[in-house]
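The sequence and the model come next.

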Amino acid sequence: MITAFVLFILTETVLPLPAEWDPQPRDESGKEEVLHLVSLTQDTQEYKTVQKMFYQSMRGKATITSIERIQNPSMFHSYMLRKQAMDEKNGTLENELQLFHGTKPDSVKSINVQGFNRSLCGINGTYPQQ
């Protein structure tokens, strides 16, 4: 019981979720869903920022059909704890890069729920050269 209380304080107080996130949906029993995908509309700043970064990285070799925000509080908290450790170790807050990685469509949900797995590297993340 005490462990659950400490975990709640850690995730809710010390590591708040991003302000732009929508409320996480709940299942029939009231438990928060692990994953929530939010479709971004083209007129939002969030969409435009991702669009610009993507097009810069792809140098015009791709077309965007949609952009979704992946909301996974557990993965977010894990990421932030690792980032904090890296920031402390390196003595700087500049330890983050925005990268894009391609993969097979059937791998997307498991990446969104469990995180990126190195077994998905290689040909899955390679953009075909024209």
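## A buried arginine

Arginine 69 counts as buried, with a relative accessibility of 10%, where buried means under 20% relative accessible area, exposed over 50% and partly exposed in between (1.4 Å probe, protein chains only). The model is a predicted one, in which local features need pLDDT of at least 70 and side-chain atom pairs count only at pLDDT 80 or more, while totals for chains, interfaces and linings use all residues. Residues are numbered from 1 along each chain as its sequence is written, and side-chain values use heavy atoms, with hydrogens and water left out.

## Partners of arginine 69

Arginine 69 forms a salt bridge (a side-chain nitrogen of Lys or Arg within 4 Å of a carboxyl oxygen of Asp or Glu) with glutamate 46, and their closest N and O atoms are 2.9 Å apart. Because arginine 69 lies in strand β2 and glutamate 46 in helix α2 (residues 45-58), the pair ties together parts that are 23 residues apart in sequence; helices (H or I, at least four residues) and strands (E, at least two) are DSSP runs, numbered from the N terminus. Glutamate 46 is partly exposed, at 27% relative accessibility.

Arginine 69 also forms a salt bridge with aspartate 22, with the closest N and O atoms 3.8 Å apart. This pair links distant parts of the chain, 47 residues apart, since aspartate 22 sits in the loop between α1 (2-14) and β1 (36-39). Aspartate 22 has a relative accessible area of 35% and is partly exposed.

The structure holds three salt bridges, and one of them joins the side chains of aspartate 87 and lysine 83 at 3.0 Å, N to O. Both residues lie in helix α3 (residues 73-90), four residues apart, about one turn of the helix, and both aspartate 87 and lysine 83 are buried. Elsewhere, salt bridges that share partners join Asp22, Glu46 and Arg69 into one network.
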